Amino acid sequence: MNQTVSPSASTYRQVLPWIEIALLLVALPLPWILDDFWILFATKICILALLALSFDLVWGYAGIMSFGQALFFGVAGYTTALLATKNGMSSVLILMPVAALIGLVVAFVVAVIVIFGKRIPSIIFVALGTLTGSYVVERLVRGWSYVGGQNGISSLPRLSVGSFEIEEGVAFFYMALALLIVFYLLLRWLVRSQFGLVLAGIRQNESRILFFGYNVQTFKGVTFSLAGLIAGLSGGLFAFHEGFIGPGQLGPVLSTQAVLYVLFGGVGTLVGAILGVSVIELISYVLPQVDALGPGVQQFLETGWPIVLGLLLLVTVMFRPTGLVGFMVSERERIGSFGRPPKSQAATGSRPVTQPREAQS
Amino acid sequence: MSLLEARNIRKIYGSLKALDGASLVVSGNEFHGLIGPNGSGKSTLLKCIAGAEIPTEGTILLGNRDITSFTAAERARAGLSLKFQITAVLPELSVYDNILIALQANSSLFVLLLSLSRKALHEKAMDCLARFKLVDKHDQLAAYLSHGEQQWLEIAMALAREPKLLLLDEPTAGMSPQERRATGELLAPIKSSCSLLIVEHDLDFIKDICDSLTVLDQGQVVASGPTQEVQNSQRVKEAYLSHA
């Protein structure tokens, strides 16, 4: 059956793709522009952006408040670090898939405990469950000498492909950037798929979705496990980039940092997670170095930066819940469409609607 | 043959008996009204049937299948569809996507992951929108529809899955007389494909569209049968007058 679409049908300006292209164009030539230190810094941002994407997927798209992303990050980092130091493994083709797999498995186990069940768990239950899990594992690792206790595991060998060693610097940057782009595109496709539409429904009104006959826990469990996979990969990359993994990379502090990245950048938009990591990490490093602030403020920022971050989070949540992206992107574009008829037909108004357009990014 | 049978449903909240042995039968292709004074247990009975509440006692059969222990999602998959009393459209989705999410509920996880049914469901989605006069608003966020349009959208969503039995909890609440009339006209054609169990305060509306009625008072069935017969029942008049 053909229906006509009236001229009143709204269309919205597309800004998000331009932000994505701009970020890509900025990132690609960085090794030619920056010195060694800043290349390492940019690599760390790419790695932490994967962690932020994993939190954005669970909270921004599926409405699961997880304070456990660092758990998947850290356990994967520790596992790969142990494989490298105790078993002499260094192949990136083995260690990074293992990191992703460990993240997936640990997240699935946590999902079995806090998500799957006869009744749908509340947001608070999941938040506290993941926070507790993260905290407990951090405390256990701190006291476990086999994994280095308080000191963690250091002096990790370089990752390699065959006989080629991936040095921290240009090679590592492009590897991290490539993985970030791959997972960004994967998530971009996923959150705009029909599966993503169900996630959007769950986020807005979980009980309504139940009454359509969806198994909400399955959708949440799959999403949570996939986010664990991404956080695990991020943890594996982090351990080998920094040459170190410690208990601090397992606990609630890093998990909370992931929350902050996403809320500040713009929850529910993938590009917002990347913007959040970039801006916060840059400010965190640059601000204490600004002489104009005076020695007192500089000294405070060196130790009291988490307080500033906490205040920033509070201000963002209270006054700008859409984050940085909200300044550039309209509400309509942020929400997007999952299967609306072609825009050209909506705009012209008199042509028949035929097939749905692929969803917006 | 009966499509839905609720037998001796009791629902007790602490010391309050919301339902006290209420029974109800809905036949295939029948529009059945559930009426009664405020607090008589109409919405509670509807929620027990839909799976939003678990009855303290009683049995619910859909066809010959005992669905008493089914979850809400399992009942939906068995052929029940509910429209909530309070409008529950998904406000941050477009009107089109609200319909699509209802339509694709029967698709498997694999199909949804790969978006394999999106194109196939497009025609159905447009049909649903056309039937409820929402084609022009397909791209608007549901939050920006008028109250009446949101009610229609929710009925369209409930019908999109082609249920055997549609449960409507006060579908015309807050609507203007014109919108109520239009709602009746929109519901009439679905009789050929599904049955309807409707809770409604507007007796004129319910008398116009329902074949049969069940009247509840204080959690018990006062009368049940063809609309005309129940309407003239002395017990029904007394039940309503005692609350006037």
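Predicted model: local features only at pLDDT ≥ 70, side-chain atom pairs only at ≥ 80, totals over all residues.

Trainee: Which order do the strands take in the open sheet of 6 strands in chain B?

Mentor: The order is β6-β7-β8-β3-β9-β10, with mixed pairing. Strands are DSSP runs (E, at least two residues), helices are too (H or I, at least four), and both are numbered from the N terminus; two strands pair if DSSP finds at least two bridges between them. The edges are β6 (80-83) and β10 of chain B, each pairing on one side only.

Trainee: Are β7 and β8 of chain B parallel or antiparallel?

Mentor: β7 (residues 165-169) and β8 (residues 195-199) of chain B are parallel, over 5 bridges, and L167(B) stands opposite L197(B). By contrast, β9 (residues 212-217) and β10 (residues 220-226) of chain B pair in the antiparallel sense over 6 bridges. There T214(B) sits opposite S224(B).

Trainee: What about the hairpin of β9(B) and β10(B), how many residues are between the strands?

Mentor: It has 2 residues between the strands, and Q218(B) takes a positive phi near 50 degrees.

Trainee: And the sheet of 4 strands, what is its order?

Mentor: That open sheet of chain B runs β2-β1-β4-β5 with antiparallel pairing, and its edge strands are β2 (16-27) and β5 (65-66). Strand β4 (residues 57-62) of chain B is joined to β5(B) by 2 bridges, and L62(B) has R65(B) as its bridge partner.

Trainee: Switching to helices, at what angle do α7 and α10 of chain A pack?

Mentor: Helix α7 (residues 170-191) and helix α10 (residues 216-242) of chain A pack at about 175 degrees, with axes 12 Å apart. Axes are lines fitted to C-alpha atoms, for helices over the stretch in contact, and angles run from 0 to 180 degrees between N-to-C directions. That makes α7(A) roughly antiparallel to α10(A) (under 35 degrees counts as roughly parallel, over 145 as roughly antiparallel, 65 to 115 as roughly perpendicular, the rest as oblique). The contact (heavy atoms within 4.5 Å) includes F172(A) and F183(A) of α7(A) and L226(A) and F240(A) of α10(A).

Trainee: How many salt bridges does the structure hold over all chains?

Mentor: It holds 17, each being a side-chain nitrogen of Lys or Arg within 4 Å of a carboxyl oxygen of Asp or Glu. One joins E20(A) and R188(A) at 2.9 Å, N to O. E20(A) lies in helix α1 (residues 16-27) of chain A and R188(A) in helix α7 of chain A, so the pair ties together parts 168 residues apart in sequence.

Trainee: Last one: how many residues does each chain bring to the contact of chain B with chain A?

Mentor: Chain B gives 49 residues and chain A gives 51. About 4300 Å² is buried between them, 58% of it from carbon and sulfur atoms; buried area is the accessible area (1.4 Å probe) that two parts lose on being put together, summed over both. The count between these chains is 2 salt bridges, and R208(A) forms one with E154(B), the closest N and O atoms being 3.4 Å apart.

Conventions:
Residues numbered from 1 in each chain as written. Chains lettered and ligands numbered in written order. Heavy atoms only, no water.
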